[in-house]
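Take a look at the sequence and the model, then read on.

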Amino acid sequence: MKKYLGTIFLIFGFLEIIVLSAISTFDRVMCIMYEDTNHFIGFINNYGLWPFLIGSVIVLFCGVVLIVLEYSKR
């Protein structure tokens, strides 16, 4: 069960990061410039998307932990 739940967490975590990156790229194509040298960080700061980025990192971490716990039982 932990393996499946961990896999779901990994999929949704990576999907969220991919979506944030794609939106950031689209935003860059629209030529919106930010004060930060890193466009992705400027994008996250401008729209206040830190909870989503931090949440996706936490979900990825939980997914890895669940999969490691499942395989460490064997």
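Which helix does Val-19 lie in? Val-19 sits in helix H1, which covers residues 2–29. Keep in mind that this is a predicted model, where local features need pLDDT of at least 70, side-chain atom pairs count only at pLDDT 80 or more, and totals for chains, interfaces and linings use all residues. Residues are numbered from 1 along each chain as its sequence is written, and side-chain values use heavy atoms, with hydrogens and water left out.

**Overall layout**
- Of the 74 residues, 26% are buried (under 20% relative accessible area; exposed is over 50% and partly exposed is in between, with a 1.4 Å probe and protein chains only).

**Confidence**
- The average pLDDT (the predictor's confidence in each residue, from 0 to 100) is 84, and 89% of the residues score at least 70.
- Among the elements, helix H3 (residues 50–72) has the highest mean pLDDT, 91, while helix H2 (residues 39–47) has the lowest, 81.

**Two residues of helix H1**
- Val-19 counts as partly exposed because its relative accessibility is 41%.
- Ser-24 is also found in helix H1, but Ser-24 counts as buried because its relative accessibility is 4%.
- Leaving aside residues up to four places away in sequence, Ser-24 touches His-39, Phe-40 and Phe-43 (contact means heavy atoms within 4.5 Å).

Definitions and conventions: Helix = DSSP H or I, 4+ residues; strand = E, 2+ residues; numbered from the N terminus.
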